[in-house]
Amino acid sequence: MALEGAVLPLRETQYICPMHPEIAAKEPGDCPICGMALEPRSVQLDAAPDPELISMRHRLWLGGTLALPLLFIAMSELIPGEPLQQIASVRLWTWIQLVLAAPIVLWGGWPFFERGWRSVVSRNLNMFTLIALGTGVAFIYSLVATAVPHIFPAAFRSTTGDVPVYFEAAGVIIVLVILGQVMELRARARTGHALRALMDLAPAIARIVQEDGSENEIALDAVKVGDRLRVRPGEKVPVDGVIVEGASAIDESMMTGESLPVEKTQNDAVTGGTMNESGAFIMRAEHVGAETLLFRIVQMVGDAQRSRAPIQRTADRVAAIFVPAVLAVAVATAIAWGVFGPAPSLGYAMVNAVAVLIIACPCALGLATPMSIMVGIGRGAQAGVLIRDAEALELFEKVDTLVIDKTGTLTEGKPQVAAIEVLADHQENEILRMAAGLERASEHPLARAIMEAAAVQALDISEAREFRAEIGRGVTGMVDGIEVNLGNAHLFSEQNIDTSELEELAAPHRAMGRTVMFVALNGAAAGLIAVEDKIKESSYDAMRRLQADGVRVVMLSGDNRATANSVAAALGIDEVEAEVLPAQKLEAVQRLRAEGRIVAMAGDGVNDAPALAAAHIGIAMGTGTDVAIEAAAITLLRGDLGGIARARQLSRAVMRNIRQNLFFAFAYNFLGIPIAAGVLFPPFALLLNPMIASVAMSLSSVSVISNALRLRAARL
């Protein structure tokens, strides 16, 4: 059951333009640049009907009802025997046309005239400028011709001496434009499908467990951090938290794409929106409201959908000169037909100028890029690839170098103690207990591995004092009055501790790809702890696919060179830089960029954040730290490198779709404007009726949106 009628608590509601995301307002209205109605940045869970769509439908029903008899009267002269002219005079039928056309144009088309006028006042000429000018000229001309026909010179009169009117052109064009708007608004609404699918994961209620053991159902937005919540089999996890009682298998496929349920037990984290498959459990809420992963994902996807790709600048530059150029072409068309056209030359001049204005509406050009971006980023979210902005999506297909961290990125990030080696006069449990006391307060994956091993041995772990972390080297401190050093050879070198015996013991472990940590007690080497972090199964296939795609892969690791080389060899990675500090990872990325490479950096830890930010595109594992995710342009929810290959496929599909849309928009105008101006009249006696021009204009916009919507079915 979805949380009906609620708006995600992401931020104060803003209204932005679908074509110009930089335009934002606190209230609904129209974009001052293109005139389109502003849309709420936050998508509502219940997908309430769009008020603009409702308004346009009402105008369409009235306009369509009146346009049919209007068109029939206007075309009646083509009916054999001219039956309408036998019933009443031409002048009476002209007045009837005026009565039918006035509501269509003045009420149905009022939003277009309003937006067109604002575009002139603000000097942001747009598609509504052309629509308002074209239909307005046709209607006013026909109105004057009906009311005072005697003021028109011979050049405006037909061979029968009448002044032709174009009420049907103005009215039908307005109806067709409204129809196009309805189709466009409905199609645009479908671009939010991916976001709503994500938001539908949120349950409507949570079951809170009170201190006395009683349980009550409360609204999701009433849950507070620290609340104890019961989740029964078949229910969705309400918020992010930790299991405190019970165990279960959680289906996380809707968030990560992982098909198999994940076993969860006490102290394991659970994510709001995932499905509890089997057992019942009690969880403690740790992130609620806008702080949950689900809402953060929705916010990230929503912001990305509204961002602008660099390729949009091409369309923007064209649009900046397009409308003035169309106005110039329309004026030139009117002059050419007025001077050289057949009788009634000025009538032809007006009709063809209107056709130019209508068919040249730049809506398709403006929608070509943002519609593809919106649909593509939504499709990526469904595939577990979160893209922060459109620029990253566009650039990703050009990436030629991937810099990649080892631990948690290529490997599972769940290291386990594989072996403990000790020197003379020391015991394995002693070494493990001292290391665990030192790592007790640390959240590092290696620290967790040591703590888990100590827990298995049921060791009594003491609190460390004078704890100090040496970034990229290890940790030091006092445990039970003994000075303990735990880290790599760099740390021991700085402490002037001899590691020669430990190096001999470490060699075979490193050859197996294990990470080795030396332990010293009171300044003397005492032993080592070898930790094993298995390579992710997905990493093998991902490396093959990326290398086959021509991507240069460089592995960076703070681990020992032998360990790093072992992992690289297993994955077929030729370039390895080991024993690097966070600052050196940053330098490596900057060096590759200086060589002219388009660099993507993939990592999952706090130490990867500087390099992620420095790369052209930072890629964070969704299983990694918040700092890494915040610094990255792309987040892989599943935490596997197969997402990089999926992201490249998505980038290529979206950019191909954008280029198709832009080609279509440019080609449509390149062919349509000359035809509307009358270039086919001299050789073939063919003219483009303004009503046909209106149909073509509406279909061009809908075609662009429909092409963008194909991305929803893209195979990644």
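In the predicted model, Ile619 is in contact (heavy atoms within 4.5 Å) with Phe396, Leu402, Ala600, Met601, Ala602, Gly603, Leu612, Ala632, Ile634, Leu636 and Ile644, residues up to four places away in sequence not being counted. Residues are numbered from 1 along each chain as its sequence is written. Because the model is predicted, local features need pLDDT of at least 70 and side-chain atom pairs count only at pLDDT 80 or more, whereas totals for chains, interfaces and linings use all residues; side-chain values use heavy atoms, without hydrogens and water.

Together with Leu402 and Met543, Ile619 touches the most other members of the largest nonpolar core, which holds 124 residues. Such a core is a set of buried Ala, Val, Leu, Ile, Met, Phe, Trp, Tyr and Cys residues joined through side-chain atoms within 4.5 Å, buried meaning under 20% relative accessible area (1.4 Å probe, protein chains only). Helix α23 (residues 642-677) contributes the most to this core, with 13 residues; helices are DSSP runs of H or I of at least four residues, and strands are runs of E of at least two, numbered from the N terminus. Another core, of 25 residues, lies apart from it and includes Leu438, Leu446, Leu486 and Val531.

Strands β19 (residues 515-521) and β20 (residues 524-532) pair in the antiparallel sense over 7 bridges, and Ala520 stands opposite Ala525 in β20.

Methods: Buried means under 20% relative accessible area, exposed over 50%, partly exposed in between (1.4 Å probe, protein chains only). Two strands pair if DSSP finds at least two bridges between them.
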